[in-house]
Amino acid sequence: MPPIPGSGLAKGLAVTLRTMTKRSHTAQYPEVQPELPPRSRGVIGLFEENCTVCMLCARECPDWCIYIDSHKETVPAAAPGGRERSRNVLDRFAIDFSLCMYCGICIEVCPFDALFWSPEFEYAETDIHELTHERDKLREWMWTVPAPPALDPAAEEPKEVAAARKAVEKAEATAAADAAAAAGATPDTPAPGQDPAPEGDA
């Protein structure tokens, strides 16, 4: 059945009339801060203690907006007879947010959990060059990262948590067994390497 001429115009006017009868709501920003979703993509925070300078984030970034500089340091042997090792030390970690498209690939590919999403979004600048933020600023944003949501009660226990729990339970069981063995020893029982006490006359 062909549409009735003018039906589209009538539908559009009906939507307009319904909207006109509703009261408009204006967000009083910046006096009133918006309520953002807990995992909002505002800015990227850096937890530099976890960064091993593997360069995965910089290589996978589609916009090439991550700049990393580092140098190598020699770590002395941990034990006598061991060999020295070299490790990368982070010198610079910067992100140019004028190029960043907030895809989150850098956060996903980081194997050591050094990058996180922060809901902070108020970092506008009058100069585009000021949008390249160094690691000190990225670290400040790290402390605004919200805590991860709670795990599903029906979810499987993480392997790391299960291994740690079993190790603690084993250590507690060993300590309890040692304490029980020590409490079970009587005063008449000679210590190892000690002659038994002489018996009295019958």
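Biologist: Which ground rules apply to the model and its numbering?

Modeller: The model is predicted: local features need pLDDT of at least 70, side-chain atom pairs count only at pLDDT 80 or more, and totals for chains, interfaces and linings use all residues. Residues are numbered from 1 along each chain as its sequence is written, and side-chain values use heavy atoms, with hydrogens and water left out.

Biologist: How many residues does the largest nonpolar core have?

Modeller: A nonpolar core is a set of buried Ala, Val, Leu, Ile, Met, Phe, Trp, Tyr and Cys residues joined through side-chain atoms within 4.5 Å. Buried means under 20% relative accessible area, exposed over 50%, partly exposed in between (1.4 Å probe, protein chains only). Those with the most contacts inside the largest core are Ile44, Ile66, Ile68, Phe93, Ile95, Phe97 and Leu115, and the core has 26 residues.

Biologist: Which helices and strands each supply at least two residues of this core?

Modeller: Helices (H or I, at least four residues) and strands (E, at least two) are DSSP runs, numbered from the N terminus. The elements that each supply at least two core residues are S1, H2 (56-60), S2 (66-75), S3, H3 (105-109), S4 and H4.

Biologist: Which residues of helix H4 are buried, and why do they line one face?

Modeller: H4 spans residues 135-142. Its buried residues fall within an arc of 115 degrees seen down the axis, so they line one face of the helix. That arc is taken from the directions from the helix axis to the C-beta atoms. The buried residues are Leu138, Trp141 and Met142.

Biologist: What do the buried residues of H4 pack against?

Modeller: Contact means heavy atoms within 4.5 Å. The buried residues of H4 pack against S1, S3 (85-96), S4 and S5.

Biologist: How many salt bridges are there?

Modeller: A salt bridge is a side-chain nitrogen of Lys or Arg within 4 Å of a carboxyl oxygen of Asp or Glu. One of them joins Lys137 and Glu140 at 3.7 Å, N to O. By this rule the count comes to seven.

Biologist: Which residue forms a salt bridge with Arg87?

Modeller: The N to O distance is 3.7 Å. The pair links distant parts of the chain, 14 residues apart, with Arg87 in S3 and its partner in S2. Arg87 is partly exposed at 45%. The partner is Glu73.

Biologist: Where do Arg165 and Glu169 lie?

Modeller: Their closest N and O atoms are 3.2 Å apart in a salt bridge. Glu157 is linked with both in a network of salt bridges. Arg165 and Glu169 are four residues apart, about one turn of the helix, and both lie in helix H5 (159-184).

Biologist: What relative accessibility does Glu125 have?

Modeller: Glu125 lies in the loop between S4 (115-118) and S5 (132-133). Beyond its neighbours within four places in sequence, it is in contact with Glu130, Leu131 and His133. Glu125 counts as partly exposed, at 41%.

Biologist: How far apart are the C-alpha atoms of Glu125 and Ser70?

Modeller: The two residues are 55 residues apart along the chain. Their C-alpha atoms are separated by 28 Å.
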